[in-house]
Amino acid sequence: MGLLFVLGLCPILWLIVALTLLKWPTWKAACGSMIVAFLLALFVWKLPVMETSTAALEGFLMALWPIVVVIVAAVFTYNLTVRTGAMELIKQMMTSVTSDKRLLVLLVAWCFGGFMEGMAGFGTAIAIPAGMLVGLGFPALFSCLVCLIANGVPTPFGSIGIPTVTLANLVGLENTYLSFTETLQLAPFMILCPFLIVMVAGKGVKALKGIWPIVLMSGVAFVLPQIAIAYFVGAELAVVVGSVCSMAVTILMSLKKKPDPAYQMDIQKGASLTLKKALVAWSPFICIFILLLSTSKLLPPVNSYLSQFASNVIVYSGENPNTLTFTWINTAGVWIFLSAIIGGLIQKANWNDFKTVFIATLKQMTPTILTMCFVLACAKIMAYSGMISSISEFAILVTGAFYPFIAPWLGALGCFVTGSGTSSGVLFGAVQMNAAEALHLNPYWIVALNSLGVGAGKMLSPQSIAIALSAVDGNGQDSKLLSMILPYGAAFLIIMSILAYVGTLFFGQL
């Protein structure tokens, strides 16, 4: 069993070696992992060539629709708002609220960063807020640090909920309840993050003086709507709605707060913004919100009608195959693309703008698309061949009832290595599911612990650090930034493990 455990881990171990030691691009490392899994499935687990090939094909198809469609649509929407100039107006709105540097950092890193994670993800929620803070006069490494802290816990719901939706589909759990469980587990850390951000901005606990009610409400206004949306709608809009509510509450409370002279910054005021300009700038995101909400399970007649436009396909040729469902209309990617087009037209984008941005987005996202395909193919081969079962059986044998304590570490490891909450769920989601079944624990609680760990792994990931530094022209300072963020990520992971174990005693029992 120990030998099978080590061999079963080889595709993941290869990924770690290729990314950290060989410094390969993520897509190339993921391709290597798929090949390693393919060979192990053939020669160790004795899965026939046809079954192994169709397992990989199922992974490719699952990656392309709906994951890749959502990824491309989300980043296309963001890139289009940049081209039309709308993103500059949105940035201006964020930075015209207050001259108190503590509240500015909270607004930009936490509220706006959370919104960018929910809408686009894939590094945009680190790079854009960090660049904005440097533009306002904050130090480069400080800007990277607060954005890394802010970006961790919203990651499981990034890019219109792709990490959680993918995880739910992969292990066969219901989207809304898994999203709800994840949000409950993440809630304490989402309350904590705004406090940490302000304390870092003001260099200590004293920075909370006079503004702690705003900081508290910034976290609460994020968490409560996210819990409600996760429970009733699902992962897709959870962080989007939470971040918008947090932004609104933080802005309203900040406008009433007189800046503390000790923390006041000299902010250059831009041209005054009208309501019309604001609505035009936010129009693609408003459309996304309306379309996703109006086609969700909150409106059963619409949801049921659109759900009929779907195809069910069995791809894997072996025993106990999964049925893939391709929903052609009522899927997030379609609605995001439509919203981008509507919003772009409102913002006076022309045909050339749409074409140029779409081609540029495809080129920009090609490595990510390849990574998703290879990682999903690798995961499917590992699942169908029995590799995942071998890993789970050994992990359960060694840890026993203490397995929930290490469950977040797997999620953190997957995200640390790949830089992606989605990839972490794909790599370890089935392991968590098998463990839950073997230990007779609530599968929703145990699988959600993988996403809990993602919140810590995202902060520490070399990819996240590289993205942050590239946005502030701080290349070459990776080790220094890692040493700054390491205490926060490590503390989060330890607290998450304790919460996971204690929480399992109360909420994880069947």
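The legends below describe close-up views of a predicted model.

In this predicted model, local features need pLDDT of at least 70 and side-chain atom pairs count only at pLDDT 80 or more, while totals for chains, interfaces and linings use all residues. Residues are numbered from 1 along each chain as its sequence is written, and side-chain values use heavy atoms, with hydrogens and water left out.

**View 1. A nonpolar patch on the surface is formed by Phe402, Phe405, Trp409, Ile494, Ile498, Val502, Leu505, Phe506 and Phe507.** Together these residues have about 960 Å² of accessible area, a value from the Shrake-Rupley method with a 1.4 Å probe, in which only the protein chains shown count as cover for residues. Patches are made of residues with over 30% relative accessible area and no salt bridge, with like charges joined within 9 Å and nonpolar side chains (Val, Leu, Ile, Met, Phe, Trp, Tyr) within 5 Å. Helix 17 (403-418) and helix 21 (478-507) each supply at least two residues of the patch, and helix 21 gives the largest share, 6 residues; helices here are DSSP runs (H or I, at least four residues) numbered from the N terminus.

View 2. Phenylalanine 402 lies in the loop between helix 16 (387-399) and helix 17, and it counts as exposed because its relative accessibility is 51%. Phenylalanine 507 is found in helix 21 and counts as exposed at 55% relative accessibility. For these labels, buried means under 20% relative accessible area, exposed over 50% and partly exposed in between, with a 1.4 Å probe and protein chains only.

**View 3. The side chains of lysine 380 and glutamate 58 meet in a salt bridge, 3.0 Å from N to O.** Lysine 380 lies in helix 15 and glutamate 58 in helix 3 (residues 49-84), so the pair ties together parts that are 322 residues apart in sequence. A salt bridge is a side-chain nitrogen of Lys or Arg within 4 Å of a carboxyl oxygen of Asp or Glu, and by this rule the count comes to 3 salt bridges. Lysine 380 is buried at 5% relative accessibility, and glutamate 58 is buried at 0%.

**View 4. Aspartate 353 forms a salt bridge with arginine 83, their closest N and O atoms being 2.6 Å apart.** This pair links distant parts of the chain, with aspartate 353 in helix 15 and arginine 83 in helix 3, 270 residues apart. Aspartate 353 counts as buried at 13% relative accessibility, whereas arginine 83 is partly exposed, with a relative accessible area of 41%.

**View 5. The largest cavity holds about 40 Å³ of space.** On a 1 Å grid over the protein atoms alone, a cavity is a set of points where a 1.4 Å probe fits but cannot get out, and lining residues have an atom within 4 Å of a point. Pro156, Pro163, Thr164, Leu167, Gly421, Gly425, Asn450, Ser451 and Val454 line this cavity. By class, the lining has 4 nonpolar, 5 polar and no charged residues, where Ala, Val, Leu, Ile, Met, Phe, Trp, Tyr, Cys and Pro count as nonpolar, Asp, Glu, Lys and Arg as charged, and the others, Gly among them, as polar.

Technical notes:
On a 1 Å grid over the protein atoms alone, a cavity is a set of points where a 1.4 Å probe fits but cannot get out, and a pocket is an open set with protein on both sides within 12 Å along at least five of seven lines; lining residues have an atom within 4 Å of a point. Grid points are joined across faces, edges and corners, and a volume is the space filled by probe spheres set on the points.
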